[in-house]
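Subject: Structure handover

Hello,

Here is the structure you asked about. Please open it first, then read on for what was found.

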Amino acid sequence: MLGTWPLNLKRKRELARLGDNPLREYYQRPFPSSRSDSRALEFVALDLETTGLDPQQDVILSIGFVNVLGMQIDLASAQHHLLCPNREIPEQSAVIHCITDDQAAGGKRIEDVLPQLLQQLAGRVMIAHFATVELTFLDRACRQLYGAGFSIPVVDTQRIAKRSLERQGQVIRGSDLRLAECRRRHGLPHYRMHNALSDALACGELFLVQQAQFDCRKAVALKHFL
Amino acid sequence: MDVELIEIRDYLAEHPPFDQLPDDLVAELPRQITVRYLRRGAEFPPVGEEQAVWLLRTGAVEFRDGDGELMERLSEGEHHASPCSGGPTLPGQQGKVIEDSLFYVLSCSAFEALREQSPAFSNHFEKNLRARLQHAITQLQQHRGSSSNLMHVEAGSLIKRVPITISADKSIRQAADLMSRERASSLLVVEGEQLIGILTDRDLRQRCIAAGVDVARPLSEIMTANPQTLDSHAPAFEALIQMTRLHIHHMPIVDQKNQLKGIITASDILHQHNLNTVSLASTIRHCQGLDCLVEASQQLPELQAQLISNGMNAQQLTRALSAVTDGITQRLLELAEETLGPPPVPYAWMVAGSQARREQTTVSDQDNALLLSDDAQPEHDKYFAELARFVSDGLAACGFVYCPGDVMATNPTWRQPRRVWRKYFDKWINSPEPMALMHSCIFFDMRPLYGDLELFKGMQQETLAQCKDNTIFLSHMAANALQYRPPLGFFRQLVLIHDGEHDDSLDIKHRGVIPVVDLARVYALSGGIAAINTHDRLKAAEELGVLSHDGAQDLQHALAFIATLRARHQAQQHMDGMAMDNYLRPDKLTRPERAQLKDAFSIINTLQQAMAARYQTGRMR
């Protein structure tokens with residue numbers, strides 16, 4: 001648990017060498033301290049739908065995100081963007097996400113969406129379920145578009161779920177850590193839809209639950225979730 | 001953004017009151033929502049936060065009053081809007097999250113904007129429970145389809161023209177002239193405003209021409225004096241039953257002040273109606289033996305199911321069923337008299353309980369009694385014991401089970417001359433012990449059905465006058481009326497009865513209907529009101545000022561809603577081939593129905609509390 005200070009160091013380094021672009025603007029806002037009370041912080045729950053797991057080969061199909069203010073999710077901030085990939089969607093991933101080439105063809109270009117996302121993420125903490133996908137794909141996109149890598153303090157709801165199961169001494173199967181299964185364990189409603197925004201929302205709700213596991217009368221530092 | 005928050009939109013669109021919103025407003029709604037999660041044990045709504053409407057997505061919340069008594073329970077899909085709508089919050093009432101809960105939260109300002117944009121949505125938060133309930137009753141009936149059957153139609157509405165009246169001193173010829181001129185088949189004979197007789201075509205034929213009476217004689221010699229009349233608000237169905245019973249074709253209709261409104265004929269009614277519902281009454285009239293009556297009574301559940309599916313409300317339905325039961329009882333008495341010979345002294349066959357109130361459902365037991373003339377001698381009892389046995393056994397064979405409390409004319413205690421009955425009432429009123437109160441509840445809801453109806457008339461007035469100002473008796477009756485409470489925390493399994501057979505069900509009779517019936521009885525006794533039907537009692541209580549206008553209206557609507565739900569439940573059981581009962585399964589209700597039932601329960605609760613305060617019933621327990 002390193003806290004966010006190494007991230008802030010990196011942020012300042014990137015800021016020094018970056019030209020005037022949306023990533024630079026993003027890095028101008030400091031990351032919140034890991035000692036701040038999580039209930040007073042602002043988060044963005046984010047989900048990317050991609051053609052696969054390898055950022056070198058695969059591309060982002062859609063992006064969904066919504067702000068979480070402390071203990072509440074503000075649906076007014078919700079955004080969902082379909083991106084147009086510059087190559088065919090492999091059949092397998094289209095089945096999962098129900099995004100067909102036709103739909104995606106009506107989508108936007110990543111360079112038009114990324115600035116909005118960065119603006120919303122600036123100064124906030126990212127929430128994602130298995131955040132590696134979001135981090136690596138955004139990192140790749142930022143490198144391609146703005147010439148520098150992407151970093152952000154992250155709350156990974158999957159990791160929190162894993163830790164919590166480990167603490168209970170349970171044998172963990174891979175399926176136990178899936179978003180839907182984590183939600184089911186906590187009695188959260190089942191969402192039929194499978195798109196970037198509903199998954200981002202689902203993940204945000206799971207975070208509300210995880211946050212609530214702490215004694216609600218005391219402040220809970222962000223570092224507990226990192 | 002197009003369809004992304006569709007899950008939330010769909011969820012809102014399925015749950016009241018948001019289901020009342022037009023599509024375009026629902027589509028915009030998710031953006032105005034914040035999602036919240038509260039753990040078990042948290043205060044609800046959280047203190048120190050902006051007021052909002054909370055829709056419970058998953059979990060459960062309870063509200064308790066200052067004494068820790070459960071007031072209300074929110075379950076999934078239900079909302080808590082009173083912080084924004086100014087709904088009732090009791091002092092000391094505290095909400096608590098009892099299961100980890102996820103909420104969709106809407107700010108009061110967004111809520112207000114929705115109310116302004118959608119009247120249907122706004123209606124849901126109508127502060128006036130009554131307006132909401134009224135709306136619900138209409139929906140419940142519309143739901144069942146409408147019909148122009150006889151139960152829907154009030155007898156008064158079938159009156160075709162202003163009454164044609166004639167004074168009693170006119171001659172038969174003058175009467176015949178008037179009838180020809182007016183093309184009327186009957187005349188109402190009046191003295192001033194007072195109806196004193198009726199003259200029909202048939203009277204002219206049979207009592208004048210065939211009997212060779214001089215047409216110059218006064219018409220009073222051939223008229224039928226003191227004819228049976230019917231209240232204009234009575235259902236047309238009842239008029240038909242009365243007419244079949246009395247073998248008459250004309251029925252004068254009066255208003256509640258006994259003012260003459262007009263006359264209706266059998267053919268007026270037959271024009272109006274669909275015959276199924278009435279043929280039963282006619283079958284009963286013509287039954288020559290018990291077998292025939294038993295067969296006819298077996299059609300009662302079917303009749304109930306049919307009437308309900310025709311969109312009849314509970315009040316009309318129970319009136320119809322009571323009328324049929326009256327018919328069966330009357331026919332049994334006629335058959336008994338045919339078998340046993342004429343009675344040695346005049347008597348009145350009394351019905352009590354729900355039949356007397358005209359609030360019977362198919363699932364009813366028999367409550368009856370015999371009121372004998374004071375001329376009755378001990379040796380006459382043999383006759384009346386046999387008469388009672390005959391009728392009571394006959395009713396039992398027809399499916400009206402023997403009264404579990406033995407309140408039947410077969411019990412010698414309830415087969416007594418008038419003077420003994422007077423003593424009974426004296427005793428009940430002056431020493432209101434538990435047993436006396438129970439008997440008061442039964443016998444203050446009593447009406448004469450057959451025999452010498454006059455025997456009862458004076459007695460009811462005397463007893464009413466006696467209890468009107470007897471505050472001790474009234475206080476006891478009030479306390480007694482509060483023993484059945486509506487289940488305010490009705491939702492989830494908390495207050496459902498657990499007796500095996502009726503698990504997870506709600507006794508809608510004792511938790512919903514009886515509390516209103518009991519309240520209405522106390523109002524009636526405190527106002528000296530002779531009416532025994534609960535709706536009539538509430539109306540009269542309102543007119544007398546015993547009960548506020550709002551209270552009377554609210555209770556009537558609550559009862560109408562609850563009783564209609566019950567009747568529908570029974571009709572459904574019948575259609576499913578099950579025996580009818582009073583155990584309603586909350587999970588068979590739609591969400592709006594549950595919400596409305598909650599409204600109805602809270603109305604009853606409010607008026608019970610008012611009664612408790614007024615009579616200080618707390619001191620008696």
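One caution before the details: this is a predicted model.

**Chain A overall**

Chain A has 9 helices and 5 strands. Along the sequence they follow the pattern α-α-β-β-β-α-α-α-β-α-β-α-α-α. The chain has 226 residues, and buried ones make up 40% of them. Take the contacts in chain A with a separation of 6 or more: 68% of these come from residues 24 or more positions apart.

Start with helix α1 of chain A, residues 5-17. Its 13 residues should span 18 Å at 1.5 Å a residue, and the end C-alpha atoms are 19 Å apart, which agrees. Is α1(A) covered or largely in the open? The number of buried residues is 1 of the 13, so α1(A) lies largely in the open.

A:Phe65 gives another picture. This residue sits in strand β2 of chain A, which covers residues 60-69. There are 29 other C-beta atoms within 10 Å of A:Phe65; the cut-off for buried is 20 or more, so A:Phe65 is buried. Leaving out residues up to four places away in sequence, A:Phe65 touches A:Val44, A:Ala45, A:Leu46, A:Gln79, A:Leu117, A:Gln120 and A:Ala200. One of these, A:Gln120, is 55 residues away along the chain, yet the two C-alpha atoms are separated by 9.0 Å.

**Where the chains meet**

The contact takes 24 residues from chain A and 19 residues from chain B. On the side of chain B that touches chain A, four elements each supply at least two residues: α1 (6-14), β1 (33-38), β3 (52-64) and β6 (94-107). Which element gives the largest share? That is β1(B), with 5 residues. By class, this side of chain B has 9 nonpolar, 3 polar and 7 charged residues.

Strand β3 of chain A, residues 72-82, pairs with β1(B) in the antiparallel sense over 3 bridges. In that pairing, A:Gln72 stands opposite B:Arg36, and A:Ile73 stands opposite B:Val35. Within chain B, 6 bridges join β1(B) to β6(B), and these two also run antiparallel. There, B:Tyr37 stands opposite B:Leu102 of β6(B).

How many residues of β1(B) are buried? The count is 6 of 6. B:Ile33, B:Val35 and B:Tyr37 point one way from the strand. B:Thr34, B:Arg36 and B:Leu38 point the other way. Both sets are buried, B:Arg36 included.

**Two sheets in chain B**

One open sheet has 3 strands in the order β11-β12-β13, with mixed pairing. β11 (230-231) and β13 (260-265) stand at the edges with a single partner strand each, so one side of each is left without a neighbour in the sheet. β12(B), residues 250-254, pairs with β13(B) in the antiparallel sense over 5 bridges. B:His250 has B:Thr265 of β13(B) as its bridge partner.

Another open sheet has 4 strands in the order β16-β15-β14-β17, again with mixed pairing. Its edge strands are β16 (415-417) and β17 (446-451), each pairing on one side only. From one strand to the next, the twist averages 30°. β15(B), residues 368-372, is joined to β16(B) by 3 bridges, and the two run parallel. B:Leu370 has B:Arg415 of β16(B) as its bridge partner.

**A helix pair in chain B**

Two packed helices are described by the angle between their axes and the distance between the axes. For α22 (residues 534-544) and α23 (residues 549-575) of chain B, the axes come within 9 Å and cross at roughly 170°. That makes α22(B) roughly antiparallel to α23(B), because angles over 145 degrees count as such.

The contact is spelled out by residue. From α22(B) come B:Thr534, B:His535, B:Leu538, B:Lys539, B:Ala541 and B:Glu542. From α23(B) come B:His549, B:Ala552, B:Leu555, B:Gln556 and B:Leu559. These residues divide into 5 nonpolar, 4 polar and 2 charged.

Best regards

Notes:
Residues numbered from 1 in each chain as written. Chains lettered and ligands numbered in written order. Predicted model: local features only at pLDDT ≥ 70, side-chain atom pairs only at ≥ 80, totals over all residues. Pairing = 2+ DSSP bridges. Expected span 1.5 Å × (residues − 1). Buried ≥ 20, exposed ≤ 12 C-beta atoms within 10 Å, placed from the backbone. Axes fitted to C-alpha atoms, helices over the stretch in contact; angles between N-to-C directions. Contact = placed C-beta atoms within 7 Å. Nonpolar A, V, L, I, M, F, W, Y, C, P; charged D, E, K, R; others polar. Parallel < 35°, antiparallel > 145°, perpendicular 65-115°, else oblique.
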